[in-house]
Every structure is written in C-alpha cells, then in structure tokens.
Amino acid sequence: MSAPAATATATATATASPPAHHAHNVDKRSGTTALLMLLPAGVLMITFLIIPIGLTFVLAFTNARLISPEPAKFIGIANFVRLFDNDTFWKSLINTVLFAAVIVPVQSAIALGLAVLINTKLRGVNFFRTVYFLPVVTSMVVVSMLWMFMYQPNGLINALLAKVGIAGPDWLGDPKTALFALIVMSIWQACGFHMVIWLSGLQTIPGELYEAASLDGASTWQQFVHVTWPGLRQTAIFILITITIAAFSLFTQVNIMTQGGPLDSTSTVVFMAVRTGFQQQQTGYAAAISLVFFVIVLAVSLVQRYLTRDKDAGR
C-alpha cells in the first residue's frame, strides 16, 4: 500500500472511531445526569422513610418522651415487655385482624363485581364509573363525619330501618356493632379505588379469548372462571396486598368516629400507637408499638406473597 493511501486510511479510521476518553466522558455525564434526577426522590425517601424507621428502632429501646426535661435513657426491652402485658394492645390487635379479615375478601369481591358490571360499552357507563369512584376522592375525615351523623341513634340509617319496623341500635355506642359499622363505612369509601384497578386488569384480557370460549359453548360463569380470573392473577395479588396493608393501617375512621371506644371495641394498633405517642407523650413506648406493628404487617405481606406466588415460574 502506498504512503498516501495508508495516510488516508489512518485518517478515516481516526475519524470514524471516537477516542476512548470521549466515550468515557459521555458515560460520566450520563451517570451524573441520572444521579441528579434521582436526587430529589432519594432525599425525600431518606428524610421521610429511612430516618423515621431508624429512629423508631432506636427509640423503641428507650424511655423517651415527647416533651420532657430528662434525656432519654436506654431501658432495653422494657417497652416490649410492658406492651405484651397490656390487655389494650391485644384487644387492639384482635380488632385490627378482624377488620382486615373482613375487609380484604369483601371489599375486593365487591370491587371486582362492580368492575365486571361497568366493563361494558353501554350508554351511561361512565356516569356509574364516576359515581362509584367519587367516595375515593372525598376526604376520609369528611366521609367519617358524614357516616358518624348517619350512625346516630336518630340518624338516617335508623330512620330508614324504622320505616320497615326495625329498631336500629346505637351503632357507634354499642361494642357489638361499633366495629361492624366502621367496616361497612370503610368498604363503601375505598371500594371504588380497587374497582378501577380491577377494571384496568379486565381491559388487558384479549376479547378473542371470550369469543373462543363463547363459540365452545361456555356460559358466563365458565368464562369468568376460566378466562377472566386467570387473566387477573397479577392484579389480584396487587389488590390483596394493598388492601391488607390499608386495613392494618386503620386509623382515621377510629380517630374521628369512636376514639377507640366503646370499651376499646374499635381500638387498633395504629390508633393505640398514635394516642400513646402524642396524647400520652410516651414516644419510646409508641415506637415499640410501631415496631411490632411493622413486623406484623411485614410478616403478613410476605406470607401473602408466598401463597400467591407463581408456582409455574419457579419450576
């Protein structure tokens, strides 16, 4: 090869292939940009999630108070011993478990039923979608106050029952009915949210599957069992976990409507922790309650995730 040709080839190669340090600079700038974009979310997560969890672990083993001239002292597991000997804690835990045990299947089933009903192209279906979702966008405080008035002995619910000859109870003043009243109100308020999630899952199922099932002579129920439900597996897992966490976190309804009464019949673990930490100003003891609650919810979520895992994917 002649000298001019070799020179031209080397020049073309140098022009076509950028230097290694240039590519390194591009990668470095890309990495810096990515870190800057993650920075706001990272700061918020550290400030409002990581640090509070760390403080909870620390304070749970101290006698810290919200306002006290004395510094916090390490007391070991005394807060946990006191907690497990507290009858109110066990009553609150039982109420929380009962609330979740009813809310999870009933609310998810009603939401699924509503989603199936409105998953059509009929005229006016958007109106019903809006009506069903309206309680979700309403403040829980407003909803709780509204239902509190409806549950009064002379409220709307008892007035309607009186018209059919039924004497309604004092819904929120009777230990036998107070928790049930909160369950009904909570289902009504949150059902629309999970209806929308079910609806999004329904709309991902191909219509050809229903056409094929119909041609095979499958009934509506058989189409639901063999087409709809298998297609909603991942949606069902998501709804199951989110409803469970929300049910265990019950607080606003109790705080507004019953204050944990009557006779601790509606007290929950979260309400007990908040009341202990802010009203009674026992920050260390409240941290111990919160830590136990965190472990319980984590364990329940892991068990749910294990039971609903995709067994075929693990083979």
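Does Leu 263 count as buried or exposed, and at what relative accessibility? I started my notebook on this predicted model with that one. Leu 263 comes out at 75% relative accessibility, so I put it down as exposed, since the cut-off for that is over 50%.

Next I checked the backbone there. Leu 263 sits in the loop between helix 12 and helix 13. Its phi is positive, about 55°, although Leu 263 is not a glycine. I jotted a reminder to myself: most residues other than glycine have a negative phi, and most peptide bonds are trans.

Then I looked up another positive phi. Gln 281, again not a glycine, has phi near 60°. I found Gln 281 in the loop between helix 13 and helix 14. With a relative accessible area of 24%, Gln 281 is partly exposed.

The largest nonpolar core holds 61 residues, and Trp 147, Tyr 151, Trp 198 and Met 257 have the most contacts inside it. I noted which helices supply at least two residues each to this core; among them are helix 4 (87-118), helix 8 (178-202), helix 11 (233-248) and helix 14 (283-307). Helix 8 gives the largest share, twelve residues.

Last entry: what does Trp 198 touch, leaving aside neighbours within four places in sequence? I listed Ser 108, Ala 111, Leu 112 and Ala 115, then Trp 229, Leu 232, Thr 235, Ala 236 and Ile 239.

Terms used:
Residues numbered from 1 in each chain as written. Predicted model: local features only at pLDDT ≥ 70, side-chain atom pairs only at ≥ 80, totals over all residues. Heavy atoms only, no water. Core = buried A, V, L, I, M, F, W, Y, C linked by side-chain atoms within 4.5 Å. Buried < 20%, exposed > 50% of the residue type's maximum accessible area, 1.4 Å probe, protein only. Helix = DSSP H or I, 4+ residues; strand = E, 2+ residues; numbered from the N terminus. Contact = heavy atoms within 4.5 Å.
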